[in-house]
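Visitor: Could you walk me through the structure shown below? I would like to begin with the strands.

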Amino acid sequence: MITNWDPLTIIRKTLIALASILIFLPGAQITYAVAQNPTPGFNYQIPKHIMTPDTVETRIGELNFYDGIPTDETITRVYENLDFYRGIEVFLNFVPATSIEGLRLGMKELGADYYNDVIVFDELIDSSPLFLTGNTDAVYALNTLDLERDGATVVEIPAGAGPGTVNDAFFRFVVDMGAPGPDAMKGGTYIILPPDYKGDLQPTLNGIEDRNKYTRVSVMIGGKETKAWIAQSTSYHNWLILRGFLEDGKPEYAANMWRTGLKIYPLEDAKNPKKMTFINGSGKFFVTIHANNYAFYEELWHVLQKEPISFLDPELRGQAAAIGIQKGKPFAPDARMKAILEDSVAVGNATARAIWLKPRDESAYFFNDRKWYTGFMGKDYQWLKDGGMGGRNLDARTLFFYSAIVNTPAMALEIPGVGSNYAFATEDGSGAFLDGSKRYKVNIPADAPAKDFWSFVVYDPQTRSELQIPGWTDYPSKNNKRDKLIYNEDGSVDLYFGPTAPESALIANWTETVPNKAWFALLRLYGPLQPWFDRAWKPSDLELIN
């Protein structure tokens with residue numbers, strides 16, 4: 001049927017017809033319902049997921065609101081929780097910085113405060129000093145560089161040096177020396193530039209991939225043209241650690257190598273440097289570990305006052321500033337804030353210990369059927385997850401730096417025959433933490449995949465340092481190059497642990513523990529080989545024995 005409608009009538013009727021159709025579509029039905037059932041106080045039905053109820057139950061108690069506005073009591077409660085949380089966050093994220101500060105202060109206590117002062121452990125690190133998982137099986141030489149005071153600094157290392165590393169004041173990697181370094185145990189000259197260096201020197205290629213390549217440049221040092229590797233740090237304070245290997249199971253050769261071949265001096269003083277001073281650290285008690293109480297925050301404040309602003313990114317600086325720790329300002333929290341921070345550091349310390357002693361990330365474990373786990377989750381010395389796609393693996397960083405020192409790609413990457421790899425054991429095969437009142441056994445299979453040597457060291461969970469046996473200080477460890485161990489017919493070796501010795505024939509394989517005290521262990525492989533990386537070789541779990 002044709003009707004003589006005018007154009008406006010046609011348009012009006014068409015719109016009405018479209019509306020009658022659209023109202024039955026799903027989205028239109030919702031819109032219609034919203035208009036018909038508005039939330040009280042609104043013209044429309046407001047989605048619940050954007051609203052805040054008047055009462056919310058949480059782990060910090062009941063939170064109350066008036067029309068989305070927190071009550072005075074709730075405001076006080078959430079701000080105190082925020083301060084508490086930020087105090088925990090600062091503890092967990094800044095352990096690397098305070099750990100370097102602890103090392104600096106401990107070394108200064110022993111008399112090593114200038115560029116020419118080096119602590120050498122002539123008789124190895126025994127259980128007297130407190131070092132985070134110090135190793136009884138290499139001759140350490142330690143130095144603290146102050147690039148703000150001394151400027152660009154020269155480090156000459158002798159041929160034959162084992163793994164050596166420079167770390168900045170946040171325990172970030174600067175350069176390797178010796179075995180994993182570009183000199184590849186041939187020795188040589190390194191120059192460490194400060195973060196604000198303005199001269200003509202430029203960093204050279206110093207990575208593991210550059211070992212045995214000719215990447216040195218010519219530098220005038222003391223009026224003499226010298227070939228050198230150059231690295232630049234992001235901080236003024238830097239920590240230098242060098243290791244020398246045992247010769248015939250003895251430390252004398254390596255100790256002498258450091259005392260006669262290691263030289264450290266400012267580049268500008270190269271013509272007339274101070275005479276090197278070597279301090280024997282063996283058998284001496286001194287503490288190099290950061291605080292686990294309120295003093296932790298004071299240590300951090302000192303670090304930030306020393307270092308340039310560029311030392312940390314704004315995100316980390318903001319975390320510290322949120323609790324009152326900022327460069328150029330005093331750290332003086334009021335009584336309320338100090339009490340909160342004392343709680344924060346207690347919970348932060350407990351959290352770090354849980355992450356370290358009982359990792360919940362399955363990727364930390366070397367084997368599906370063993371309790372051994374790595375200190376380098378993700379195999380990344382920068383603590384990046386999935387190649388950076390997962391950002392920074394914060395728990396991995398906490399696990400490592402709460403329990404250990406030295407950060408280098410040589411400990412994280414899988415490079416056969418280079419560097420070192422470590423495995424933690426904190427539990428026996430049943431999942432129980434190790435008890436010094438009980439006796440245990442571990443089997444180290446034949447053909448351990450270590451080009452240089454392997455060692456097994458026992459530590460104290462309180463100090464994370466070598467276990468001290470009351471009444472004497474010795475080396476709570478076994479080493480296949482130093483110790484005359486008794487091997488099984490298949491080439492494997494059983495190591496024993498407990499407060500009393502096993503039968504006399506096995507005493508050589510025994511490490512004493514302390515009754516009513518816990519312990520944990522580290523298995524180290526120096527120069528780890530492919531069977532370790534392939535997981536084709538694996539030690540047993542620690543087994544509880546009668």
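Visitor: In what sense do β7 and β12 pair, and over how many bridges?
Guide: β7 and β12 pair in the antiparallel sense over 4 bridges; two strands pair if DSSP finds at least two bridges between them. Strands (E, at least two residues) and helices (H or I, at least four) are DSSP runs, numbered from the N terminus. Within this pairing, the bridge partner of N167 is W239 in β12.

Visitor: Before we go on, where do these values come from?
Guide: This is a predicted model, in which local features need pLDDT of at least 70 and side-chain atom pairs count only at pLDDT 80 or more, while totals for chains, interfaces and linings use all residues. Residues are numbered from 1 along each chain as its sequence is written, and side-chain values use heavy atoms, with hydrogens and water left out.

Visitor: What is the strand order in the open sheet?
Guide: The open sheet has 6 strands in the order β8-β7-β12-β5-β4-β14, with mixed pairing. β8 (173-178) and β14 (277-280) stand at the edges with a single partner strand each, so one side of each has no neighbour in the sheet. From one strand to the next, the twist averages 20°; angles run from 0 to 180 degrees between N-to-C directions, and axes are lines fitted to C-alpha atoms, for helices over the stretch in contact.

Visitor: And which strand is joined to β8?
Guide: Strand β7 (residues 163-167) is joined to β8 by 5 bridges, and the two run antiparallel. P163 has G178 in β8 as its bridge partner.

Visitor: What about β5 and β12, how many bridges there?
Guide: Strand β5 (residues 139-146) pairs with β12 over 8 bridges, in the antiparallel sense. Y140 stands opposite R243 in β12.

Visitor: Is β12 buried or exposed?
Guide: In strand β12 (residues 237-244), 8 of the 8 residues are buried (under 20% relative accessible area, with exposed being over 50% and partly exposed in between, for a 1.4 Å probe and protein chains only). The strand is therefore largely enclosed by the rest of the structure.

Visitor: Which way do its residues point?
Guide: H237, W239, I241 and R243 point one way from β12, and N238, L240, L242 and G244 point the other way. In a regular strand the side chains alternate between the two faces of the sheet.

Visitor: Now the helices: at what angle do α3 and α6 pack?
Guide: Helix α3 (residues 72-109) and helix α6 (residues 295-306) pack at an angle of about 60°, with their axes 9 Å apart.
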